[in-house]
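Hi,

Here is the structure I promised to pass on. Have a look at it first, and then read on for what turned up.

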Amino acid sequence: MIAFPFENGPAEGEAITVAEGVLWLRLPLPMALDHVNVYALDEGDGWTIVDTGFDTGRTRKIWQSLLEDTLAGRPILRIIGTHHHPDHIGLAGWFMQEHGAQLMMSRTAWLTARMLQLDRQESPTPQAIAFWRHAGMPVELREKRTAERPFNFADMVHPLPPGFIRLVAGQEIHVGGRRWRVEMAHGHAPCHAIFWSLDDDLVIGGDQLLASISPNLGVHPTEPDADPVGEWLESCHRLLELAEDRHLVLPGHKLPFTGLPERLRQLIDNHHGALQRMEIALRKSPRTAVECFDILFKRRIGESEFGLALAEAVAHVNHLRGKDVIHAVGERDGAALWGA
């Protein structure tokens, strides 16, 4: 049974103690999912911070208050990045530069973050525009986005200085007075690190282990044939072998929870259900990836979330393609039509 030991998250600038020496903090995000959870682990002479939030003036101001008050003025010794996404790694470089903190994350996550930090674009690439067309983005929206400056990773991520400490699967690390086993998961982000306490019931799950939402599994123009859905399902099955009801999961968003085995089974079943719905619908009539939105999400997708929805729809198409369940059966205005 999934349960939530805490009814609400911490208020801005405040903290909730979730276990001995572990503080739960929240930072704002300028989007529908309006927060990211970060955690401070007490090292005695300082703190280890797990994830950091975006690099914005508001977030830095909140951190300054937290550092002076909640964290008692003690130094930040180490930053752990669960994965490379901007809401999780945005201020890691700032903590390294301003506080001399060490950075720990997987090699793939670090290389991805460094690469994206340097990849600044003032307009969408030809590959991105072709990707949108192939997926079936409506012409009006495609033309609008073609004329706009795209989001750049560097917009919300402080430059990362060279050098980090690598996390690898199966490794044991000592952080915050506990021994932690590191596991890696894939699908939402490559080499997403998850930390399983060997001394009590804590699991730091990042975006891989969320209680009430499923993280985005997206395909992007940089790797248009990727199969993050397959990677995600494999990771969930593998983590299910480690999960126990006693585990208190500290997630990247929403509330901490127990009942991890049930939640992993839900996540697996939810994606299998979505794939089955797509296969049934595509047997009836071919569709573009975008035309599968109603099957996957069962609600209207607005313009602000259209990009993430398109990336996830393509991901489900790619998984069914890889299983030889669906095939390209033609095109419409440059968009691939898929049929089962």
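One thing to keep in mind from the start: this is a predicted model.

Let me begin with a spot in the sheet. Which residue of β10 is the bridge partner of Arg181? That would be Trp196. The two strands involved are β9, covering residues 178-185, and β10, covering residues 192-197, and they pair in the antiparallel sense over 6 bridges.

An open sheet is built from 5 strands, in the order β8-β9-β10-β11-β12, with mixed pairing. At the edges you'll find β8 (172-175) and β12 (248-251); each has a single partner strand, so one side of each is left without a neighbour in the sheet. From one strand to the next, the twist averages 30 degrees. There is a helix to look for here as well: α7 (residues 228-240) lies across β9 and β10, and runs at about 150 degrees to β9.

Next, a residue I'd zoom in on: Thr82. You'll find Thr82 in the loop between β5 (76-80) and α2 (86-89). Is Thr82 buried or exposed? Its relative accessibility is 1%, so Thr82 counts as buried, the cut-off being under 20%.

Leaving out residues up to four places away in sequence, Thr82 touches Val50, Asp51, His88, Cys191, His192, Ala193, Phe195 and Gly206.

Now zoom out to the whole protein. In total there are 10 helices and 14 strands. The C-alpha trace spans about 65 × 45 × 35 Å along its principal axes. How does the radius of gyration fit with the chain length, and what would a compact globule have? For 340 residues, a compact globule would come out near 20 Å; the protein has 21 Å, which agrees.

As for the inside and the surface, 54% of the 340 residues count as buried. The protein exposes about 15,100 Å², and 50% of that is supplied by carbon and sulfur atoms. Lastly, among contacts with a separation of 6 or more, 65% are accounted for by residues 24 or more positions apart.

Over to you, and enjoy exploring!

Cheers

Note on methods
Residues numbered from 1 in each chain as written. Predicted model: local features only at pLDDT ≥ 70, side-chain atom pairs only at ≥ 80, totals over all residues. Heavy atoms only, no water. Pairing = 2+ DSSP bridges. Helix = DSSP H or I, 4+ residues; strand = E, 2+ residues; numbered from the N terminus. Axes fitted to C-alpha atoms, helices over the stretch in contact; angles between N-to-C directions. Contact = heavy atoms within 4.5 Å. Buried < 20%, exposed > 50% of the residue type's maximum accessible area, 1.4 Å probe, protein only. Rg over C-alpha atoms; globule rule 2.2 N^0.38 Å. Areas by Shrake-Rupley, 256 points an atom, 1.4 Å probe, with all protein chains shown as cover.
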